[in-house]
Amino acid sequence: MTFSAVIVAAGSGTRAGPGQAKQWRLVAGKPVLRWSVEAFLAAGAAHIVIVTTEDGEGALPELLSGLSGWSAARGGATRALSVQAGLAALAHRPDSEPVLIHDAARPFLGSSIVEAVLQALADADVALPALPVADTLKRAEPGQALTTASREHLWRAQTPQAARRNTLQAAYAAWSGGEPTDDAQVVEAAGGRVAIAPGDPLLMKLTYPEDFAMAERLAGAARVTRVGQGFDAHRWGPGDEVWLCGVAIKHDETLIGHSDADAGLHALTDALLGAIGEGDIGDHFPPTDPKWKGAPSDQFLKHAAELVAAKGGTIVNVDVTLICERPKIKPHRQAMRERLAEVLGLPVDRVSVKATTTEKMGFTGRGEGLAASAVVAVETPA
Ligand code: MG
């Protein structure tokens, strides 16, 4: 189901202590806001509007570098006004498209929550993730003894909350109460049906200074590691140099192919595409397209790395094995590692290039062709 998202990031969050507003602070080395933007991109958001202040707007390009599919809108004096500014900025999207409204201060958003909320919206006017209250509740009022309150029927509301844009805009237009505490309340007041989807403890809202210490510990749990593998082979033919892992090597033969036939780069590109479920190199760069004739293959690898980044992913490490009797790979290994590291923007120690022969057996052993295999690990939002 297509959907768009509004991330409300205009608050000053004074309860989180002095210093930068909490949405700009780092959790596990990454700004709090960026966590949510990456999560929505990974979940397939058609467009994301970030509602923020004038200062915040200026910081966004650097904060969200490498990510596309978002735009900024200027926030209002209250959360309700900010949400409405975000909805107005989605006027180019279909009127009845589901919009997920999310607090920037809840960084650990998983794709499964987005799916659950959208699914719950199918039979409702607004849907929100919520958790049943587990702790015993106490009521303390001035001058009275502490009493125990029933937690029956009580839920903790979280975000993102989903509604169709026209429904939500109409509900806000009709709202006449004070400052609503969430979007579901506004739709509820307009007579809408509210649905609850299972919430996630990881969706905690960063409110107090100590929440940031907890968030650092939870950060690892909000990412998943994916593995991809790739394989490629090309035939030897007449020539005087061969491209392997982005490095040209003088040789008495060359590899034959539509592009520069760099089997190492092709295997590695396929491994990255595999890790994020984006098909294979032929889907992105069809060999039937004359545009790719003789093309340097590092652009294929770069494209795959950009697709990983667009999903909010980071490459953990890559490992390429070249399989041939000749040429000798070892003298070129370090140059290959450095070239791959440069293309992928990784430290060299995250890049491995190995070589093996097949003891004169098979097509590589007989010198008919060269083969390459690659394995990668990629971290993406859960
Ligand atoms: Mg190939």
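Student: Is His-234 buried or exposed?
Tutor: His-234 counts as buried, at 15% relative accessibility. Buried means under 20% relative accessible area, exposed over 50%, and partly exposed in between, with a 1.4 Å probe and protein chains only. This is a predicted model, in which local features need pLDDT of at least 70, side-chain atom pairs count only at pLDDT 80 or more, and totals for chains, interfaces and linings use all residues. Residues are numbered from 1 along each chain as its sequence is written, and side-chain values use heavy atoms, with hydrogens and water left out.

Student: Which residues are the protein donors of the magnesium ion?
Tutor: Asp-232 (OD), His-234 (NE2) and His-266 (ND1) lie 2.1 to 2.2 Å from the ion. Donors are N, O and S atoms within 2.8 Å of the metal (3.2 Å for Na, K and Ca); water is not among the atoms, so the site may look incomplete.

Student: How are the donor residues spaced in sequence?
Tutor: The spacing is D-x1-H-x31-H. Asp-232 is buried, with a relative accessible area of 17%.

Student: Changing topic, which peptide bond at Pro-160 is cis?
Tutor: The bond from Thr-159 to Pro-160 is cis, with omega near 10 degrees. Pro-160 lies in the loop between strands E10 (155-157) and E11 (161-164). Strands (E, at least two residues) and helices (H or I, at least four) are DSSP runs, numbered from the N terminus. A cis bond also joins Arg-326 and Pro-327, with omega about -5 degrees.

Student: What is phi of His-153?
Tutor: Phi of His-153 is near 65 degrees, a positive value in a residue other than glycine. Most residues other than glycine have a negative phi. His-153 is exposed, with a relative accessible area of 69%.
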